[in-house]
Amino acid sequence: MISGDGGGAEGDPLELGVVLRLVSALARTPPGRAAVLSLVPALEEDGVSRLLAETAEASAFLLRHGRLPLAGLDDVGPSLDSLADAGGSGAPEDFRPIVR
């Protein structure tokens, strides 16, 4: 079983927790760090296949278009949550943090 906490070779022979912490340090935003730290291995074949297809798509995008311009991107999660709570409708100022 992989614990994700990097707590030792017996329970985590790949030291996934250590790897995730190292990779999370490269994330540019707190939500990005949280997303990296929440990763868990896929164990079912269809899940692995889906993730490999997503990785191939992202790699192809990077080759065609380069890196995404994410500098200065704010955490839009709270804005999207409040829009969802309002049924998806909002005033123009509700979208400013997203389209900035």
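Colleague: Which residues does Ser 24 touch, not counting residues up to four places away in sequence?

Modeller: In this predicted model, Ser 24 has its place in helix α1. With a relative accessibility of 7%, Ser 24 counts as buried, because buried means under 20%. Leaving aside residues up to four places away in sequence, the residues that Ser 24 touches are Arg 33, Val 36 and Leu 37.

Colleague: Which helix do the buried residues of α1 pack against?

Modeller: Helix α1 covers residues 16–24, and its buried residues are Leu 16, Gly 17, Leu 20 and Ser 24. They lie on the same side of α1, because they cover an arc of only 100° around the axis. The helix that these buried residues pack against, residues 30–37, is α2.

Colleague: What is the order of the elements in the protein chain from the N terminus on?

Modeller: The protein chain contains 5 helices and 0 strands. Every position in the order is therefore taken by a helix. Read from the N terminus, the elements run α-α-α-α-α.

Colleague: What share of the 100 residues in the protein chain is buried?

Modeller: The protein chain exposes about 7,900 Å², of which carbon and sulfur atoms supply 62%. Among contacts with a separation of 6 or more, residues 24 or more positions apart account for 13%. Of the 100 residues, the buried share is 11%.

Colleague: How far apart are the closest N and O atoms of Arg 50 and Glu 54?

Modeller: Side chains of opposite charge can pair when their charged atoms come close. Both Arg 50 and Glu 54 lie in helix α3, 4 residues apart, which is about one turn of the helix. The structure holds 1 salt bridge. Arg 50 forms a salt bridge with Glu 54, and the distance between their closest N and O atoms is 3.0 Å.

Colleague: Are Arg 50 and Glu 54 buried or partly exposed?

Modeller: Buried means under 20% relative accessible area and exposed means over 50%, with partly exposed in between. Arg 50 has a relative accessibility of 47% and so counts as partly exposed. For Glu 54 the relative accessible area is 41%, so this residue too is partly exposed.

Colleague: What is the phi of Glu 15?

Modeller: Most residues other than glycine have a negative phi. Glu 15 is found in the segment before α1, and its relative accessible area of 38% makes this residue partly exposed. Although Glu 15 is not a glycine, its phi is positive, at about 50°.

Colleague: Over which residues does pLDDT stay under 50?

Modeller: The average pLDDT of the protein chain is 82, and 82% of the residues score at least 70. Where pLDDT is low, the predicted coordinates should not be read in detail. The model has 19 contacts beyond four places in sequence for the stretch where pLDDT stays under 50, namely residues 1–8.

Key:
Residues numbered from 1 in each chain as written. Predicted model: local features only at pLDDT ≥ 70, side-chain atom pairs only at ≥ 80, totals over all residues. Heavy atoms only, no water. Helix = DSSP H or I, 4+ residues; strand = E, 2+ residues; numbered from the N terminus. Buried < 20%, exposed > 50% of the residue type's maximum accessible area, 1.4 Å probe, protein only. Contact = heavy atoms within 4.5 Å. Areas by Shrake-Rupley, 256 points an atom, 1.4 Å probe, with all protein chains shown as cover. Arc of directions from axis to C-beta. Salt bridge = Lys/Arg side-chain N within 4 Å of Asp/Glu carboxyl O. pLDDT = per-residue confidence, 0-100.
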